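I opened a new notebook page for this structure.

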Amino acid sequence: MHVRGLPARCSMNQATAVVIPRDLYHALHRARFVAALTGAGISAESGVATFRDAQTGLWARFDPRELATPGAFARNPKRVWDWYAWRRERVAAVEPNAGHRALVELERRVSEFLLITQNVDGLHQRAGSRKLVELHGNIARVKCSREGTIIEHWSAEEDEVPRCANCGAFLRPDVVWFEEMLPEHALVAAEDAARRCDVLLVIGTSAEVYPAAGLPMLTHRRGALVVEINPNETPLSSRVDYVLRGASGVVLPQLVSAPWTL
Ligand code: APR
């Protein structure tokens, strides 16, 4: 039996399984509504770079102010367009991993479930997740930078940024850049799930970017369980009920494969 306030820690190195406390299985077994909040870490084992991991993270190699803000796009739309085209190709070349697939199984297993993702890579959907909201958009979609309409088909000369056939404005990736608002429907659904769920799994996020990073505290304040799955410490680690210190591609299959009535 764990005492709230001192998160139960189970640490091993990244590739190996963690010891999952029996009462977490029981809590999952009793849960009517389970929600999961994911970040870039869940796609790391598929070969998709995270943002803030030292050396390998995108923001360790690229300046977000020059690539992921409305100002950057206004200053140099071609550079921003090409960078997202490059990321789109890399994401298209990889496959969902065991962590993504375990969440599909979890969605099937619990009566009410919602997957709240910060990821724009679409790997959850490719794994088969259906009960899902995208807080930061999706890199596979493109929209008019003036009207906001999603554009299904576009073409452009090699050295040009494609333009909206309706108004002539540049097209841009349908992702949320810094300084921009999240899609309201997704944020409302995410906050509702955080307030109503019995268990919130927080997977592969550094918990530094708001409003997503604020969701676990909505759950915690209601007395429901918050579980962090991350090989590294985050600002959230000392404020959750369980910390499973391992890679999501290892820990999540463990969590969903075991009978919860152990
Ligand atoms: N399994 C689980 N977690 C992992 C793994 C793994 N195999 N590998 C790395 N992680 C963890 C890291 O320890 C880190 O805490 O994933 C986290 C990734 O953090 P970030 O790179 O900051 O990504 P994220 O939290 O999703 O970023 C939030 O910031 O840049 C913006 O819009 C972008 O959606 C993104 C948001």
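I start with a definition: rings of Phe, Tyr and Trp (its six-membered ring) pair if their centres lie within 6.5 Å, and planes under 30 degrees apart count as stacked, over 60 as edge-to-face and the rest as tilted. I note that this is a predicted model, where local features need pLDDT of at least 70, side-chain atom pairs count only at pLDDT 80 or more, and totals for chains, interfaces and linings use all residues. Residues are numbered from 1 along each chain as its sequence is written, and side-chain values use heavy atoms, with hydrogens and water left out.

**Entry 1: rings**

I looked up the aromatic pairs and found ten. One of them joins Trp-59 and Trp-83, which are stacked at 5.6 Å centre to centre, with 25 degrees between the planes. I then checked where the two rings sit. Helices (H or I, at least four residues) and strands (E, at least two) are DSSP runs, numbered from the N terminus. Trp-59 is in helix α3 (residues 58–61) and Trp-83 in helix α6 (residues 77–92), so this pair ties together parts 24 residues apart in sequence.

Are these two buried or exposed? Buried means under 20% relative accessible area, exposed over 50%, and partly exposed in between (1.4 Å probe, protein chains only). Trp-59 is buried at 18%, and Trp-83 is buried at 6%.

Next I took Phe-73 and Trp-177. Their pair is tilted, with 5.4 Å centre to centre and 40 degrees between the planes. Phe-73 belongs to helix α5 (residues 70–75), while Trp-177 is in the loop between β7 (171–175) and α9 (184–196), so the pair ties together parts 104 residues apart in sequence. Both Phe-73 and Trp-177 are buried. Ring pairs also link residues into a cluster, including Phe-51, Trp-59, Phe-73, Trp-83 and Trp-177.

**Entry 2: charges over rings**

A charge sits over a ring if NZ of Lys or CZ of Arg is within 6 Å of the ring centre and within 35 degrees of the ring normal. Arg-172 lies over the face of Trp-177, 3.7 Å from the ring centre. Arg-88 has its charged end over the ring of Trp-81, 5.5 Å from the centre.

**Entry 3: cysteines**

A disulfide is a covalent bond between the sulfur atoms of two cysteines. The cut-off is a pair of cysteine sulfur atoms within 2.5 Å. How many disulfides does this rule give? I count zero. Cys-164 is in none, and the nearest cysteine sulfur, in Cys-167, is 3.8 Å away. Cys-164 is buried, at 5%. For Cys-167, the closest cysteine sulfur is that of Cys-144, at 3.5 Å, which is too far for a bond. Cys-167 is partly exposed, at 25%.

**Entry 4: helix α9**

I checked the length of α9. The expected span of a helix is 1.5 Å times one less than its number of residues. For the 13 residues of α9 that gives 18 Å, and the end C-alpha atoms are 18 Å apart, which agrees.

Which residues of α9 are buried? They are Ala-186, Leu-187, Ala-190, Ala-193 and Ala-194. These cover an arc (from the directions from the helix axis to the C-beta atoms) of only 130 degrees, so they lie on the same side of α9. The face turned away from that buried side carries the exposed Glu-184 and His-185. Contact means heavy atoms within 4.5 Å. Among the elements covering the buried residues are β2 (33–38) and α10 (215–221).
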